[in-house]
Amino acid sequence: MSRWFGVGCPPVAGAAAHADHVLLSSVDGLGADFVCTHVDRTGAVARTALAVRLGGSPAGALTPLAGPPDGGRCVRFPGQDALTGTLTAAEIVAASAIDEVVGVGVPVAPDSAVDTLGFLRPTFAGERLVLLVEPAAGGVLRPVEIADPHECCGGH
Amino acid sequence: MGAGHDHHHHELEPVEGSWRDETDDRPLSVARRRFLAGMGVAAAATAVGAGQATADDRTPRNRWSPGERWYAGDHHIHTKYSPDAQYEVATQVANARKYGLDWLVITDHGGVAHQKFSIDQVTPDIEAARRKYRDTLVYQGLEWNIPGAEHATVFLPPGRHAVDILRAFEAAYDGGILSTPVANGGLGLIQRSTSADGEPYALAALRYLDAQVFAGRTEIALMLANHPARRGIDSPHELRGWRDAAPDVAIGMEGAPGHQAASITAANGGRAGGRGFYEASPSVDSFPGYAPTATENPYRSYGGFDWMTAKLGGVWDSMLAEGRPWTITATSDSHQVFGDTFVPGTQDHNATGSRGAPTDTGVRQVYGDFWPGQYSSTLVGAASRSYVDVMRGLRSGRVVAVHGRLIDGLDLRVRARSDGDTRGVSIGGRTFVRRGTDVEVTIEVTLAGRPNFGGAVPKLAKVDLIAGPVTGPAADRDAMTAPETKVVETFAVPGGARGKVRFTHVFRGVDRAFYLRLRGCDGNRLDSAGNPLMDIMGDDDPWTDLWFYANPVFVDVV
């Protein structure tokens, strides 16, 4: 049975795509099917925390979690590799662990087209994995989070 | 107010000329105002600043005058002294003039290299521009990395100590410098420029500027938060904290960010990005309350304006509902201009504080900004075209944020004639009326009479009069809604209207304090309630979605 664990998070900076690459490298070898970031706000300064879902018993000292972190943002999730190009919302849900495609201010029908832009970071709302999308040029939808948002002033 | 409105009238009008007149800059008057304001703080055990009317101060603010003189400007402009920009100061000033601006602020990014190397280079460039263009006000400022938060414009009028103050301020309080390790020339005092351990430094920084004014080292110093919702890191409690730490310094925020060309389609030579470069999503230092939902995404612009301002009953309204001013503006944030053929120079900014002179490739580049004044204007009602008066106008809230020259002028008059007040107050003002009286609002809009820089004469379709009750200081410092703030009347502008259009509205039997404000648009992109729509990345023509927003008038009931 698969279980969730908290793992140490390496220092990350820069655009999401770059930071995510660093995070994934740090959990290489664990065999996690889900890798999620979330924000730990328990200290005076917020920090990025990392959670993974593993099958079987992990080696080493990992912190068991009750489930996916609420608001957890999935850098890796089952079916992710199948989600490229433009797909319908129904195809996304059928092919991956994503439970629901939700539009910002627009309804999403099963046949609504979503341009994945090759970068999807669905988030957990409770136990449900949700992909938030928004209207894009050409009448399609696109993910709210993109890989390379404009960085001003070296990302200060 | 006309350009002839000058200080000599102090002797003629006892009320305005009293120590309570904030335009009276005599040192003793300044000191007395501040002393009494300080007593107000102690007595009320709450943060009430010198810019705030105390309980016994019922002097109307921003009294209405015919023929208001507006000065168009931009408080957010970069040059080759920013690591991500490229132009000479002279180029930015020349373009600001070409596009009709009366004043502008040079705001290169704060940081170790800027503080060490850029200030000494930009200062003579700015002085040269002032000498060359006597009728354009060129302010020296800084784009401050607010510790714990976003960027902000900080600027001062020219003066003997102005550069020293800016230099010391940046050295001690820039988030980039505070978070840079000592080994790399920084202070190494906070984890990240945007992490929460920076928040106390932001408050100390604003108090430092306030103290420079108090000590007479500068006439005035202003701070405006830039692109406040872009990365979700300006929490409501930080905005309130800045305002309350130094209300005469921290006066507001960009209602509309710059980079308004960033969403122009690739087919039209644009970057096809988010309007305003509003493309981010939540990150480690973001305020959790701003997380995108099925109904809205605070990380996007709406009709070109920042979500905090554009959302009816949103963050801006929640601050105004406290009965305190918080002034919104529109700027260019000009780094690299849409369609321009220049690219940055090759100098190492980190080592020299400058990218060097830009070079002309002869080929159109894919950039997301406009020149200062080309698209965005901050109109300020000021007593004269002087450095200090324009800043006082900003501080008084007599400010209108306009895109694409949608309107040429706006005359707002709010008065309770049954109280015997025939004059009333104007944008940014505060008036005091008897309970139960009628408050009359007259709005006169000067419609655009010439093409804007997109090549068309913009057509104003409607004006919304928005109002909400003043409910007092927010118990929750992270409050971000004002549920009672509503559009009370929408005025349609007749299709063939030319010149001036005039609207009136009467608030009958006023029984509680409230504020009102105006917005207007070309009517092209609206939701069913008449509000602006979220801008679509890569599919937005900024010239066909034009808005203006005017700053509020407060009506106190006594």
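Buried residues account for 37% of the 156 residues of chain A in this predicted model. Of the contacts in chain A with a separation of 6 or more, 63% are between residues 24 or more positions apart. The secondary structure of chain A consists of two helices and eleven strands. Read from the N terminus, these elements follow the order β-α-β-β-β-β-β-α-β-β-β-β-β. Chain A has a radius of gyration of 16 Å, close to the 15 Å that the globule rule gives for 156 residues, so chain A is as compact as a globular protein of that length. Along the principal axes, the C-alpha atoms of chain A fill a box of roughly 50 × 45 × 25 Å.

Chain A is divided into two domains, with domain 1 covering residues 2–76 and domain 2 covering residues 80–143. A distance of 22 Å separates the C-alpha centres of domain 1 and domain 2 of chain A. Between these domains, twelve residues of domain 1 of chain A are in contact with nine residues of domain 2 of chain A. On the side of domain 1 of chain A that touches domain 2 of chain A, strand S5 (residues 73–76) of chain A gives the most, with four residues. In terms of residue class, this side of domain 1 of chain A comprises six nonpolar, three polar and three charged residues.

Chain A also touches chain B, with 24 residues of chain A in contact with 31 residues of chain B. Three strands of chain A, namely S3 (47–55), S7 (100–103) and S10 (128–135), each supply at least two residues of the side of chain A that touches chain B. The largest share of this side comes from S10(A), with three residues. The side of chain A that touches chain B is made up, by class, of 15 nonpolar, six polar and three charged residues.

Within chain B, strand S16 (residues 462–469) is paired with two other strands. S16(B) runs antiparallel to strand S17 (residues 486–492) of chain B, and six bridges join these strands. S16(B) is likewise antiparallel to strand S19 (residues 514–521) of chain B, to which eight bridges join it. Ile466(B) takes part in both pairings. Its bridge partner in S17(B) is Val487(B), while in S19(B) Ile466(B) stands opposite Arg517(B).

Two residues of chain B were examined for their backbone angles. Most residues other than glycine have a negative phi. His227(B) has a positive phi of about 30° although it is not a glycine. This residue, His227(B), is placed in the loop between strand S6 (222–225) and helix H8 (236–245) of chain B. His227(B) counts as buried because 26 other C-beta atoms lie within 10 Å, where 20 or more are required. Asp333(B), also not a glycine, has a positive phi of about 50°. The loop that holds Asp333(B) lies between strand S8 (327–330) and strand S9 (342–343) of chain B. With 31 other C-beta atoms within 10 Å, Asp333(B) is therefore buried as well.

Terms used. Residues numbered from 1 in each chain as written. Chains lettered and ligands numbered in written order. Predicted model: local features only at pLDDT ≥ 70, side-chain atom pairs only at ≥ 80, totals over all residues. Domains from an automatic or database assignment. Contact = placed C-beta atoms within 7 Å. Nonpolar A, V, L, I, M, F, W, Y, C, P; charged D, E, K, R; others polar. Rg over C-alpha atoms; globule rule 2.2 N^0.38 Å. Buried ≥ 20, exposed ≤ 12 C-beta atoms within 10 Å, placed from the backbone. Pairing = 2+ DSSP bridges.
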